[in-house]
2 protein chains.
Amino acid sequence: MSVTDTDGGGDVVAGACPPLWLGVDVGGTNIKWGLVDDGGRVLLRDHLPTYADQPPSLAIHRVVAAIDARLATRNWRRSDVQGIGLATPGTMDIPSGMILEPPNLPGWRHFPVRDALADASGLPVAFANDANAAAFGEHWAGSGGKLDSLLLLTLGTGVGGGVLVHGRTLDGTHSYGGECGHIIIDPDPNARMCGCGRTGHLEAYASATALVKRCEEALASGRSSSLGRTTLDPAGLSALAIGQAAAAGDGLARELVLDTALYLGIGLASLIHVLDPAIVLLGGAMDFGGESSPLGREFLEKIRREVGLRVFPDLAGKTTIRFASLGGDAGFIGAAGIARAASLGGSGLPHVRQG
Amino acid sequence: MSVTDTDGGGDVVAGACPPLWLGVDVGGTNIKWGLVDDGGRVLLRDHLPTYADQPPSLAIHRVVAAIDARLATRNWRRSDVQGIGLATPGTMDIPSGMILEPPNLPGWRHFPVRDALADASGLPVAFANDANAAAFGEHWAGSGGKLDSLLLLTLGTGVGGGVLVHGRTLDGTHSYGGECGHIIIDPDPNARMCGCGRTGHLEAYASATALVKRCEEALASGRSSSLGRTTLDPAGLSALAIGQAAAAGDGLARELVLDTALYLGIGLASLIHVLDPAIVLLGGAMDFGGESSPLGREFLEKIRREVGLRVFPDLAGKTTIRFASLGGDAGFIGAAGIARAASLGGSGLPHVRQG
């Protein structure tokens, strides 16, 4: 199911009746939120700045006010909404609804975010890790095709991991489940340093940050490339710029992009043997144009080939690997879907606070 | 809960009333089976040879006949048994109850083993992967302490992986879930060759087979060791012999054993980030004496230390790593437990064939 962008104002979408679900996806820069119908279609979407250094209670009240204001423009009220799904980055304690010590939300440490939103909104709130919520979103309304076992790697500043098993997010015992960016692809103690402070993790090789770093190193070592010019302007060297240079035929840029595919293939080999997911999705901005571009297809093909070299042949042949489809909406759509699943599951599903 | 060994003949165990469960664990050499009560206690256990080259239907009938004969000695009948759990090695198709192409059961290819046992016994049969069944056994009646998220690595000829998530075995989409012996710990294309034909897998470094191979290589390269003498007798060089030499203070043997812990630590770092299990258990014969021996404790301590170097500190600190407790009984106990869980779960749990 594709996302229906109805977010241009105007009348209520025909057929969009309750139950409706809200999804809220808190990031370090923006809070994205949206209203989703019972089939995962987006009826409204919006975002507001997080102001991550300010007290989170202010952000919660700004979100609720923004939701009320936008709902009103469509003649909806908060009481038309069945529940809210709230996704945040870790670290977190999902059962108790707490944000713990999130690196990107310095003002939000040890904050009972789920209950604060339930109190402010008067609605039941289900709480989830943002990367796992995005995986649930792709499962419910995106490339995941409702398959109940799914792995999503989101390539951006870091490598986010979202995992669905048995149709549920793999939250883990200590709310660290699905941290797939931190599997080890190089055991050498002198391997690349990850943002988390450990070495050899997938994220230290395959994130956009890592791609830029590998490019800087190659240029510093004297490799020639059209990208050499951008080093005069430090802001010019980005994963996007490297991807554009690769698409334009720059040899070094192509090599760096395809090395990223190699690293992802190594990591996916481990992940596929453990999880045996129905589908592996690659999300995030670093898709090199996606399926519609030759470089995007080459990137994906290289990942598949590397997986094929390292995984049981039967299993490799059966595992679909493709790009995700919901983009930056996956998190709030998935959060809304988790709220819906929690509601359908009744009291059996934990981590919901009634409003 | 420890296993109560009541398997010495004699009267019916006091308090052992139905519901009773049978577990059957098919291996390449032996078929182990046992009768288990509703709390996971073993009331009877036995084994018979598999004869893996012979038609599996003969083995199924031999198992049922052996079960009947042993039950009769305790004044039980098959009708006292609620159901059977059947565990086999892969490759398999769990939903359809098929064994596919198991390397260790050459005569059993493409055999509908679950339904054959249901037909022969007249009892409902639940089907599971043997390593995942062992994980369920440790969860139900062993070191797993009923925690609903557990990882079991079984160190033997290979490295078996069993995973419980959400209290259920991680069967995977194509019945390959939990193949943790095949995660990559060395990405070098010239890394060690795994039994599966791919390179760099954990099993190629940390299995008993790999330990012996690493020892042979060290001796061949001229390293001195008390083990050098055993190379005159090829049968003498075994994981057990290496462990005994290490316990006796042999330098090379100690190094090889602790290298095994290093490799396991690398692999576990990836697995813990993905699964965030409540507990990690190490099973199989290669426990170097277990918790009760200095070498076993040193082995475990080294694994914990290596995990601590590679995993988020908070997560590493929260994850328990210890030895499993059910030994070779884990598979049939877990299979029996899965049959029980399937029965309690009603028709919602798949993979059960009524007898």
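## From one residue to the assembly

In this predicted model, A:Asp119 is found in helix H2 (residues 113–121) of chain A. A:Asp119 counts as partly exposed, because it has 15 C-beta neighbours inside 10 Å. A:His61 is 58 residues away from A:Asp119 along the chain, and the C-alpha atoms of the two are separated by 10.0 Å.

**Overall form of chain A**

The secondary structure of chain A consists of 10 helices and 13 strands. The C-alpha trace of chain A spans about 60 × 50 × 40 Å along its principal axes. Of the 355 residues of chain A, 55% count as buried. Among the contacts in chain A with a separation of 6 or more, 66% are made by residues 24 or more positions apart.

**The five-stranded sheet**

Chain A contains an open sheet of 5 strands in the order E10-E9-E8-E11-E12, and the pairing is mixed. Strand E10 (168–169) and strand E12 (320–323) of chain A are the edge strands, each pairing on one side only.

Which residues cover the two faces of E9(A)? On one side are A:Val159, A:Gly161, A:Val163 and A:Val165, on the other A:Gly160, A:Gly162 and A:Leu164, and all are buried. Since 7 of the 7 residues of E9(A) are buried, this strand is largely enclosed by the rest of the structure.

Strand E8 (residues 150–155) and strand E9 (residues 159–165) of chain A pair in the antiparallel sense over 6 bridges. E8(A) and E9(A) form a hairpin, with 3 residues between them. Within this part of the sheet, A:Leu152 stands opposite A:Gly162 in E9(A).

E9(A) also runs antiparallel to E10(A), to which it is joined by 2 bridges. A:Thr169 in E10(A) is the bridge partner of A:Leu164. The hairpin of E9(A) and E10(A) has 2 residues between the strands, and in it A:His166 takes a positive phi near 55 degrees.

Chain B also has an open sheet of 5 strands, in the order E10-E9-E8-E11-E12, with mixed pairing. Its edges are strand E10 (168–169) and strand E12 (320–323) of chain B; each has a single partner strand, so one side of each is left without a neighbour in the sheet. Strand E9 (residues 159–165) of chain B pairs with E10(B) in the antiparallel sense over 2 bridges. There, B:Leu164 stands opposite B:Thr169 in E10(B).

**Two domains in chain A**

Chain A is divided into domain 1 (20–136 + 329–353) and domain 2 (147–324). The C-alpha centres of domain 1 and domain 2 of chain A are 28 Å apart. Across the boundary, 13 residues of domain 1 of chain A are in contact with 16 residues of domain 2 of chain A.

On the domain 1 side, strand E5 (92–93), strand E7 (125–129), helix H3 (130–141) and helix H10 (330–344) of chain A each supply at least two residues. H3(A) gives the most to this side, with 5 residues.

**The contact between the chains**

Chain A superposes on chain B by a rotation of 180 degrees with 0.0 Å of shift along its axis (RMSD 0.0 Å). The two copies are thus related as by a two-fold rotation axis. The same surface serves both copies, as 100% of the contact residues of chain A recur in chain B.

How many residues of each chain take part in the contact? There are 37 residues of chain A in contact with 37 residues of chain B. Helix H7 (251–275) and helix H9 (313–318) of chain A each supply at least two residues of the chain A side. The largest share of that side, 7 residues, comes from H7(A).

The table gives the composition by class of the two contact sides.

| Domain 1 of chain A, touching domain 2 of chain A | 9 residues | 3 residues | 1 residue |

Note on methods. Residues are numbered from 1 along each chain as its sequence is written. Chains are lettered from A and ligands numbered from 1 in the order in which they are written. This is a predicted model: local features need pLDDT of at least 70, side-chain atom pairs count only at pLDDT 80 or more; totals for chains, interfaces and linings use all residues. Copies are superposed by least squares on the C-alpha atoms of residues with pLDDT of at least 70 in both. Two residues are in contact if their C-beta atoms, placed from the backbone, lie within 7 Å. Domain bounds come from an automatic or database domain assignment. Helices (H or I, at least four residues) and strands (E, at least two) are DSSP runs, numbered from the N terminus. Ala, Val, Leu, Ile, Met, Phe, Trp, Tyr, Cys and Pro count as nonpolar, Asp, Glu, Lys and Arg as charged, and the others, Gly among them, as polar. Two strands pair if DSSP finds at least two bridges between them. A residue is buried if 20 or more other C-beta atoms lie within 10 Å of its own, exposed if 12 or fewer, and partly exposed in between; C-beta atoms are placed from the backbone.
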